[in-house]
Amino acid sequence: MARIAGIDIPKNKRGVIALTYIFGIGNSRAKEVLANAKVDESIKVQDWTDDQIAAIREQVGTFTIEGELRSEVQINIKRLMDIGCQRGIRHRMGLPLRGQRTKNNSRTRKGKRKTVANKKK
């Protein structure tokens, strides 16, 4: 199992797919990393040589990834909440941020349904 940026990437997957296991590296960035490191995308991780792994580590090191990226995202969210903008208020309330309707959907953000009893007459 190859270890890149403190993450064990699976050895039985193609390079492009395996690199996406690192937080902050998606499909397009994985392709870019492999192209810059001159490694074929279709080669599985277990077939990488030590020189190829070193080149990939070097390329991955140029990006903000994993813990540093996670903390940066959290700081950005906290900033929005502190200045009290619309997105910050929605974060604080645990509701969707980007204009989605909340009457019927948005269960992912709102959580399990909380039933409210009817008012007695």
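The centres of domain 1 and domain 2, taken over C-alpha atoms, are 29 Å apart. This is a predicted model: local features need pLDDT of at least 70, side-chain atom pairs count only at pLDDT 80 or more, and totals for chains, interfaces and linings use all residues. Residues are numbered from 1 along each chain as its sequence is written, and side-chain values use heavy atoms, without hydrogens and water.

User: Where do the bounds of domain 1 and domain 2 lie?

Analyst: The domain assignment gives 3-63 for domain 1 and 64-99 for domain 2. Such bounds come from an automatic or database assignment. The contact (heavy atoms within 4.5 Å) takes 11 residues from domain 1 and five from domain 2.

User: What makes the axes of α4 and α5 roughly perpendicular?

Analyst: Helix α4 (66-83) and helix α5 (86-93) have axes that come within 7 Å and cross at roughly 105°. Angles of 65 to 115 degrees count as roughly perpendicular, so α4 is roughly perpendicular to α5.

User: Which residues meet there?

Analyst: I77, L80 and M81 in α4 meet R87, G88, H91 and R92 in α5. By class, that is three nonpolar, two polar and two charged residues. Arg counts as charged and Gly as polar.

User: What makes a set of residues a nonpolar core?

Analyst: Its members are buried Ala, Val, Leu, Ile, Met, Phe, Trp, Tyr and Cys residues joined through side-chain atoms within 4.5 Å. Buried means under 20% relative accessible area (1.4 Å probe, protein chains only). The largest such core here has 20 residues. I4, I9, L19, W48 and I56 have the most contacts inside it. β1, α1, α2 and α3 each give two or more residues.

Methods. Buried < 20%, exposed > 50% of the residue type's maximum accessible area, 1.4 Å probe, protein only. Helix = DSSP H or I, 4+ residues; strand = E, 2+ residues; numbered from the N terminus. Axes fitted to C-alpha atoms, helices over the stretch in contact; angles between N-to-C directions. Parallel < 35°, antiparallel > 145°, perpendicular 65-115°, else oblique.
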